[in-house]
Amino acid sequence: MSNKQQNILIIGAGLCGSLLALRLGQRGYNVNVYEMRPDLRRTDISAGRSINLAFSDRGNKAMKLVGIEDQVKDLCIPMNGRMLHDKEGNTFLSNYSGRDYEYINSISRQELNSLLLDEAEKHENVKIHFNKKCKSVNFEKTTALFQDYHTKAEFIEDSDCIIATDGAGSALRKSYFLEKKFLFSFSQQWLSHGYKELSILPNADGSYKTYKNALHIWPRGDFMVIALPNLDGSFTVTLFLSYDEGEYNFNNLTTPEIVTEFFKKEFPDALELMPNLVEDFFENPTAPLGTVKCSPWHYKGNTLLMGDSAHAIVPFYGQGMNASFEDVVEFDAILDKHEGHWETVFSEYDKVRKKDTDAIADLAIDNFHEMKDHVGQAIFQEKRKIEMALEKAFPEDYSSKYSLVTFNEDIGYREAMLRGRAQDKAILNMLADGEVSTEFILSGDEGLDMTYKEVLKDILDKVKTETEAILEDDKIAGLH
């Protein structure tokens with residue numbers, strides 16, 4: 001059967017689904033996409049969801065694949081590092097990398113999704129249908145049951161194969177689980193924390209109230225606030241807080257007075273920028289944070305889970321969208337090898353990709369604890385100083401765990417996790433044992449004289465040796 005005769009049904013027109021539709025449309029398939037929400041290009045449906053997202057190299061690799069890299073760049077605001085805010089209002093910029101050309105971007109979810117939908121619809125063989133909720137999938141017959149949001153009428157769609165990109169609440173994944181037709185493993189783990197979207201509005205002249213090119217973090221040990229810039233001069237602010245633990249939690253922040261007291265005590269400099277705090281707090285919902293893992297993602301050559309429907313993660317590595325976009329890149333590479341043989345394509349994709357999505361899920365949990373607590377600790381800041389110095393002095397020879405995950409798109413998440421964790425352990429051990437020190441690292445030192453560089457080279461050699469020893473121990477322990 002040739003490509004043009006094959007019909008593919010995609011459930012979900014979010015970021016992953018719209019990118020997949022665009023790529024399969026470019027390949028010549030007949031693609032029908034069904035989305036339960038209204039068309040976001042004509043309706044504001046962002047309330048309570050992350051308005052902006054962190055976009056980095058893995059995501060950009062996908063934009064290059066479909067030829068829209070330049071258009072996406074226009075939607076981006078570069079963020080060179082984390083701007084840390086302490087309780088006294090002091091700030092410290094911690095760069096993401098010692099290499100000036102490595103940074104992440106803040107991007108509007110709605111603008112990016114709209115662009116992908118527009119590009120997909122330029123292909124006559126791609127049709128996108130909104131307000132159509134998928135109720136269940138018959139993965140043996142390769143059919144899906146939908147309900148029209150307006151008329152409430154139900155209808156069945158038939159296809160050669162079905163790919164579900166319908167997020168953490170996936171109808172296909174639910175059908176896998178409920179039907180019990182094959183051995184399907186599923187786990188959903190919630191953090192004890194939830195999140196609430198707030199905002200810092202622009203100044204009257206449209207300018208930014210605080211530094212534009214950073215991801216701002218107010219780390220407070222058990223909770224935190226972060227802020228990402230938007231093109232209109234505003235910042236999207238997110239409070240991450242326990243539901244029921246601690247002096248202040250979502251369950252007891254019930255009045256304007258308590259909310260204001262909380263921010264005045266913990267985030268005074270943020271409060272100064274947020275006269276709209278109370279209004280935002282009580283208008284916007286509190287949402288949970290969870291991780292979804294499941295296996296297998298496919299049933300024969302009939303159906304496949306992709307994106308959050310297969311591997312929803314918490315947002316703390318800024319990789320949720322990037323991982324879903326990378327799904328499409330990996331899937332496309334496997335299609336190149338086995339096009340026309342869906343069972344082989346789905347099976348190999350599942351096998352190749354799952355180990356990496358499991359890894360980024362675990363890393364995202366790690367980074368949750370790092371962002372709310374560790375970034376404020378002295379030994380962590382010492383580690384970062386060493387990593388920045390090594391990346392700056394030896395850009396080809398060293399990459400931190402964050403750089404491996406975020407800026408090395410040709411390395412899988414699992415490899416980045418294993419090597420990055422070993423490096424972290426190596427440096428922290430050496431700091432704790434007094435084997436290395438940051439006293440010689442001068443802030444902003446551009447002129448690396450030989451003595452300085454020789455000291456750094458000695459540290460690099462020690463870190464590499466210790467890292468390899470840790471990796472070898474992990475291998476013997478079966479962690480590879």
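These legends go with a set of close-up views of a predicted model.

**View 1. Leu 116 sits buried in helix H4.** Helix H4 runs over residues 109-121, and Leu 116 is part of that stretch. With a relative accessibility of 0%, Leu 116 counts as buried. What does Leu 116 touch, leaving aside residues up to four places away in sequence? The list is Leu 15, Ser 18, Leu 19, Leu 22, Met 63, Ile 68 and Phe 325. For a sense of distance, take His 216: it is 100 residues from Leu 116 in sequence, and their C-alpha atoms are 28 Å apart in space.

**View 2. A buried salt bridge between Arg 58 and Glu 326.** Now for the charged residue in that H2 list. Arg 58 pairs up with Glu 326 in a salt bridge, and the closest N and O atoms are 2.9 Å apart. This pair links distant parts of the chain, with Arg 58 in helix H2 and Glu 326 in helix H10 (residues 320-338), 268 residues apart. Both Arg 58 and Glu 326 are buried. Across the structure there are 34 salt bridges, and the next views pick out some others.

**View 3. Lys 354 and Asp 358 pair within helix H11.** Here the two side chains meet in a salt bridge, with 2.9 Å from N to O. Both residues belong to helix H11 (residues 342-372) and lie four residues apart, which is about one turn of the helix.

**View 4. Lys 401 and Asp 424 bridge helices H13 and H14.** The closest N and O atoms in this salt bridge are 3.1 Å apart. Lys 401 is in helix H13 (residues 401-406) and Asp 424 is in helix H14, so the pair ties together parts that are 23 residues apart in sequence. Lys 401 counts as buried at 9% relative accessibility, and Asp 424 is buried too, with a relative accessible area of 11%.

**View 5. A salt-bridge network.** Salt bridges that share partners join Arg 23, Arg 27, Asp 332, Asp 336 and Glu 339 into one network.

**View 6. A patch of negative charge on the surface.** Gathered in this patch are Asp 433, Glu 435, Glu 466, Glu 472 and Asp 473. Asp 433 has its place in the loop between helix H14 (413-432) and helix H15 (450-476). Its relative accessible area is 56%, so Asp 433 is exposed.

View 7. Not counting residues up to four places away in sequence, Asp 148 touches Asn 131, Lys 132, Ala 153 and Phe 155.

Terms used
Residues numbered from 1 in each chain as written. Predicted model: local features only at pLDDT ≥ 70, side-chain atom pairs only at ≥ 80, totals over all residues. Heavy atoms only, no water. Helix = DSSP H or I, 4+ residues; strand = E, 2+ residues; numbered from the N terminus. Buried < 20%, exposed > 50% of the residue type's maximum accessible area, 1.4 Å probe, protein only. Contact = heavy atoms within 4.5 Å. Patch = residues over 30% accessible without salt bridge, like charges linked within 9 Å, V, L, I, M, F, W, Y side chains within 5 Å. Areas by Shrake-Rupley, 256 points an atom, 1.4 Å probe, with all protein chains shown as cover. Salt bridge = Lys/Arg side-chain N within 4 Å of Asp/Glu carboxyl O. Lys, Arg positive; Asp, Glu negative; His and termini not counted. Charge placed at Lys NZ, Arg CZ, Asp CG, Glu CD.
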